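Subject: A structure for you to explore

Hello,

Here is the structure I promised to pass on to you. Please open it next to this email, and then read on for what turned up in it.

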Amino acid sequence: MDPDQSEDSPSNSANSHGPTQPQSPFPDEVLEKVLSFIDSRKDRSSVSLVRKDWYNAERWTRSKLFIGNCYSVSPEIVARRFPRIKSVTLKGKPRFSDFNMLPRDWGANVHSWLVMFAKVYPFLEELRLKRMTVTDESLELLAKSFPRFKALTLSSCDGFSDNGLKAIASHCRNLTELDIQDSVTDDVGGGWLSCFPENFASLEVLNFSSLNCEVSFDDLERLVGRCKSLRVLKVNDSITLDQLRRLLVHAPQLMELGTGSFMQELTPRQYEDIESAFSNCRNLQVLSGLWEATSLYLPVLYGACASLTFLNLSDVALQSSEFAKLLVHCPNLRRLWVIDTVEDKGLEALGSSCPLLEELRVFPSDPYDRHHRDGVTELGFLAVSRGCRKLRYVLYFCRRMTNAAVVTIVQNCPDFTHFRLCIMTPGQPDYLTNEPMDEAFAAVVKTCTKLKRLSVSGLLTDLTFEYIGKYAKNLETLSVAFAGSSDWGMQCVLEGCPKLRKLEIRDCPFGNAALLSGREKYEMMRSLWMSSCNVTMKGCRLLAREMPRLNVEVIKDEGNDDGQADRVYVYRSVAGPRRDAPPFVLTL
């Protein structure tokens, strides 16, 4: 449904017969050679539309495939369109599944894709999955079907257990990457580490930080010791500080490290040894993990901080004083994820210590406690904007905000491409003036002309959405919650944002008129999500009838037969309605 996704998942071109212009003067071999140097998905999409021979040449030279919605196309269509694929990135469930807003058995099972890949892509080397259901059967099929397989990423996936990972470890003899990110499952034990063959030494990336299991440290240490090209290692919180030291001794070449638990009683000698191990990691650029870290042991990191460009502290609740002391040693930091326990004082230290910062994400320590008075406010955000003028990406959860603060922030940092402001209390106005937050987001879209992603929050009227439609001409993703006054707000966005790809809306007063105003727009987008709005089944049926190339799915809550459409998911598909929809998903 969106330009990026359709170029790779052939949503626009799979059933096309291509242009009918005269043949190119270039021989096919020359044209294919030239196109083989083009890596950009957007450029490849444009090239394939020039003429029929370019379309065919692009077809034969493509080796990487990106599919932003696994239901926008079928495995069969993909196999017909692209015969020489070696790398696939496949995304499944909508983003709101991360917030438990999708039932567990909603779909996005990867197995049918793997069955087709096993038939047509025997030389597949890479598979990167996000929000997909991946069973042990699927992992076993993957492990045994592709002799050259090298890289597996499971991001926010579910469905697999110890047995599936054992199959990967046992059979994928050329594996260089095993990246299990945010794929929390209770069915995975640590026995899979022992299944790598004794002579296996090719791993470059190993990440099991999200697995809630005890692992055999002896197996892990032997594996890390053999893999001399290992550049990324992210372990879970079962690994102690002293064990981490032993791993670092084997792998001082690491560029990315996710530590285990930082809560352990150490002797003075152990402390010195760990400090020395970190100091020897001279190539370290990314650091994460640090579960339960305290001010007592954070100084062991100082020797490895000078070259850090990304520091992920989203798993540790640091106080402002210890946070400030750590930042002094991180002058080259470009990206920072942190919990709001650092408070405004911690963010003031960030503004003073890290002038090269480009991305900041501040997460809430307790997102469900609306009466919690600690955390960060507009003062911390202002301090960062004054000291970090290169800021491009922000995700900021806060308890309060003002229009004036946001205006100043974007004046200080006008090159934002991602601006995601999440005021914790729904419908919260400017706490000083009690006015809506309309002028804040007006300043964002007027000033930040490169803006691609926007999340709005606070008390907002339709005026905010008029501003968005008028000024946000490069906006690709918009997330809205508890905002707006009428259908007019959503209509302004759909009519005014030419590059919009994803629109996510929850708990807003938008109804059928708003939904139907985007009829033609949805065909150029990846998806629309609406939940707890004023949309009815009648409106959804009308959209489905008028736009047959759209899949209009309604997820009904049990026992709700009042005609309301509880959760609506709209996307374009060249494959038609999906065949695996569970009973609670109505495809209209």
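Before the findings, two notes on how to read them. This is a predicted model, in which local features need pLDDT of at least 70 and side-chain atom pairs count only at pLDDT 80 or more, while totals for chains, interfaces and linings use all residues. Residues are numbered from 1 along each chain as its sequence is written, and side-chain values use heavy atoms, with hydrogens and water left out.

**The chain as a whole**

The protein chain comes to 20 helices and 21 strands; helices (H or I, at least four residues) and strands (E, at least two) are DSSP runs, numbered from the N terminus. Of its 588 residues, 57% count as buried. Buried means under 20% relative accessible area, exposed means over 50%, and partly exposed is in between, with a 1.4 Å probe and protein chains only. Contact means heavy atoms within 4.5 Å. Among the contacts in the chain with a separation of 6 or more, 71% are between residues 24 or more positions apart.

**Helix H16**

Have a look at helix H16 (residues 438-447). Because 7 of its 10 residues are buried, this helix is largely enclosed by the rest of the structure. Those buried residues are Asp438, Ala440, Phe441, Ala442, Ala443, Val444 and Val445. What do they pack against? Their partners are helix H15 (403-412), strand E14 (418-423), strand E15 (453-456) and H17.

**Aromatic rings**

The structure holds 17 aromatic pairs. Rings of Phe, Tyr and Trp (its six-membered ring) pair if their centres lie within 6.5 Å; planes under 30 degrees apart count as stacked, over 60 as edge-to-face and the rest as tilted. One of the pairs joins phenylalanine 465 and phenylalanine 510, edge-to-face, with 5.8 Å from centre to centre and 85 degrees between the planes. Phenylalanine 465 sits in helix H17 (residues 462-471) and phenylalanine 510 in the loop between strand E17 (502-506) and helix H19 (512-516), so the pair ties together parts that are 45 residues apart in sequence. Phenylalanine 465 is buried at 1% relative accessibility, and phenylalanine 510 is buried with a relative accessible area of 1%.

Ring pairs also link Tyr71, Phe96, Phe99, Trp106, Trp529, Tyr569 and Tyr571 into a cluster. Phe96 has a charge over its face as well: arginine 95 lies there, at 5.6 Å from the ring centre. A charge sits over a ring if NZ of Lys or CZ of Arg is within 6 Å of the ring centre and within 35 degrees of the ring normal. In the same way, arginine 335 lies over the face of phenylalanine 310, at 3.9 Å from the ring centre.

**Some loops to zoom in on**

Most residues other than glycine have a negative phi. Arginine 131 is not a glycine, yet its phi is positive, about 55 degrees. This arginine 131 lies in the loop between strand E3 (126-130) and helix H7 (136-145), and it is buried, at 11% relative accessible area.

Serine 156 also has a positive phi of about 55 degrees without being a glycine. You will find serine 156 in the loop between strand E4 (151-155) and helix H8 (162-171).

Leaving out residues up to four places away in sequence, serine 161 touches Asp136, Asp187 and Val188.

Finally, serine 261 lies in the loop between strand E8 (256-258) and helix H11 (268-279). Serine 261 is buried, with a relative accessible area of 11%. A polar atom of its side chain lies 3.2 Å from the backbone nitrogen of methionine 263. Beyond its neighbours within four places in sequence, serine 261 is in contact with Asp237, Ile239, Thr240, Leu241, Trp291 and Glu292.

Enjoy exploring!

Best wishes

Methods: Polar contact = N/O pair within 3.5 Å; in protein donor to acceptor, adjacent residues only side chain to side chain.
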